Amino acid sequence: MKKLFALLLTLALLLGAVGALAETTITVWCWDPTFNIYAMNEAAKVYKEINPDVTIKVEEVLSADCETRQTAALSSGQTDSLPDIVLMQDNSGRRFLDTYPGAYFPMDGLVDYDNFASYKIDKFTSDGKRYAVPFDNGVAATFVRTDYLEQAGFTLADLTDITWDRFIEIGLKVKEATGQFMLVTQAGYADFVSMMTQSADFWFFDEEGKPNINNNPAVKAMVETIVKLHNSGIVKEAVDWTEYIASFNNGTAGSTIQGCWIIGSIVLAEDQAGKWGVTNIPRLDIEGGVNYSSQGGSSWVVPASSKNKEIAVDFLSKTFGASVDFYQTILQSSGAIATYLPAAGGPAYAEPHPFFGGQKVFEDLMSYSDKVPLVKYGVYNYEARDEIVNAIEAVFNGATVEAALNDAQSAIEFIME
Amino acid sequence: MKKKRRLVIRPLRILKHLILILVSFVSAFPFYWMVSAATNNTADIILGHIAPGNYLLQNWRTLTESGRIGPAFYNSVRNAVLLTISSLFISSMAGYGFVIFRDKWKNRVMGILMLSMMIPPAATLIPLFRMFSQMGLMNTVLGFMLPSVATVFLIFMFRQAAQTFPQEIVQAARIDGLGEFRIFLKMFIPVMRPTYAAAAIVTFMNAWNSYLWPLVILQSPEQLTLPIYAGSFRGGYVLDYGAIMLVVTISTIPMLIIFFTLQKSFVQGILGSVK
């Protein structure tokens, strides 16, 4: 009896060991069923062909919740609960990499980084090591009602490669001709604070990560431009996200300048099909100002605590980091625009978009993403942005730009101490 | 003669009613909008469509497609019920003890407990997470319950209530030979029913709405709770407001049931019970 028991036990152990060898499960946290979860599941299908022994298990966790869980696990040192792959907002990259050194797995040499837009890679680079596979594109663009432009005697070309001053001139004429606002943004102009600053190749922090606000020519020009926009009357300042979306869906506003992911919300207004166009964003009229920037976007990271980190990186590099076909599939079904530059050569990207009057929108957006200035994000991106938003509010209320920015500089220095 | 009363116009009363109507509208309208939005699609909701629409079934399908709403609902009910029962029992025993038994330190202990109320929960999150994951209580109901099973607020509430509880009853029961635990069980609990009802509503609501702690301690998808599930709908670049409103509507149902069944006692309990 004892022998039989021992035999059974050995057999069970052996089977268990074989099972473990054959089957690896990679757990992934991400949050949007129609977007990144969909893309992840498609990637799993591609990888099944390459390595059939690996199963990808996607768990739906909200982006803020992913961060809370990572903070709890990494601060307490109890990292067993972390998955093998997490999707992370680009804005948070530096914060997690710098706060928890060694918590993430560097991918240099394992992923072919030459094929990605450099502005994306830099958001997850720390001490010269690269820690993420870039995913969705946050390249900024001007999305505009071409029919409104026509009524005022302009075309999409008139809005391309222009300065913000020119944009305001055109906006005033559009408002005169159509009676609608030229542009919509959320009150506070928070999106523009970061987009404009980056478009002039500056950020809220200098190379060493110190706050660079009151002596920063781009920040100064950005604040002055926002004040001009505010005073011009061409901007609808929406109180919240819902009103923001509603303003272009119901035609109250003729354009929005945003990360390219906003397309998903623009095409909701089916009655406006054919009336939209896409072009690059206006530039700040200072040295180094260009018509390209980014807003939002996310990347895949692998926690160093993962027991399958090599397989996880192999999976990422062979799907998100290597397959042009894969990017065609996810673009068609979910509108997930890649940061993987070769994907732009694929057939789905060359497809004319009926909602945008046949414009090859995705190809255009991809061509912008290669030109986005590479700025070094800091740990306190959101905090700095919010302080500048407060400063702008103060300028609206009569403060001078210099005084308001001095206040913002000391406020962010105080936070960082 | 009496009929004349009808003709008297009381401007003050009209004003009072106008204010009350306005206040009821302000508090009831968002509730109405939530329910009606659950029957509309996102585009209509964004454009401010207020009347009920006919997208209820479609929104319902969005929710049921993932197969997560059922388990999430079950988990939330289970967690909230277990926590409410155990926390009421333990906290009321503590509150009772603070009043009935004599000890020269008890007021100081209560003072320290009250001070601990001022620590924000976020500050204790990481130490708690470390403790509980080391104890192997991740993804267990026990792990969810333990940190909030004895809350200072409830202890304080029961302590206040116990102060109105006649000591004579306790003494009479002791003389008749009833043990201390049974005095609590047979004398205190029945008399304090309104306080229990009020405490039950508050505890259930807190457990039902709790987000941060379940998020880190109940990480496995099998342990998903309703608030976290509802939250998952606001993650995308494009938000499905119809589905969000439906899941929010569904998640208010248990609260409504609890509140309406305990409503009478709740008001009494808050007012201070036992006269």
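**Helix α3 of chain A**

I started with helix α3 of chain A, residues 63-76: its 14 residues reach 20 Å from first C-alpha to last, close to the 20 Å expected at 1.5 Å a residue. That expected span is 1.5 Å times one less than the number of residues. Helices here are DSSP runs (H or I, at least four residues), strands likewise (E, at least two), numbered from the N terminus.

I noted that this is a predicted model, where local features need pLDDT of at least 70 and side-chain atom pairs count only at pLDDT 80 or more, while totals for chains, interfaces and linings use all residues. Residues are numbered from 1 along each chain as its sequence is written, and chains are lettered from A and ligands numbered from 1 in the order written.

**What is buried**

I called a residue buried with 20 or more other C-beta atoms within 10 Å of its own, exposed with 12 or fewer, and partly exposed in between, with C-beta atoms placed from the backbone. The buried residues of α3(A) include A:Cys66, A:Arg69 and A:Leu74.

**Positive phi**

Just after α3(A), A:Gly77 has a positive phi of about 75 degrees. A:Asp127, not a glycine, also has a positive phi, about 50 degrees; A:Asp127 is exposed, with 9 other C-beta atoms within 10 Å.
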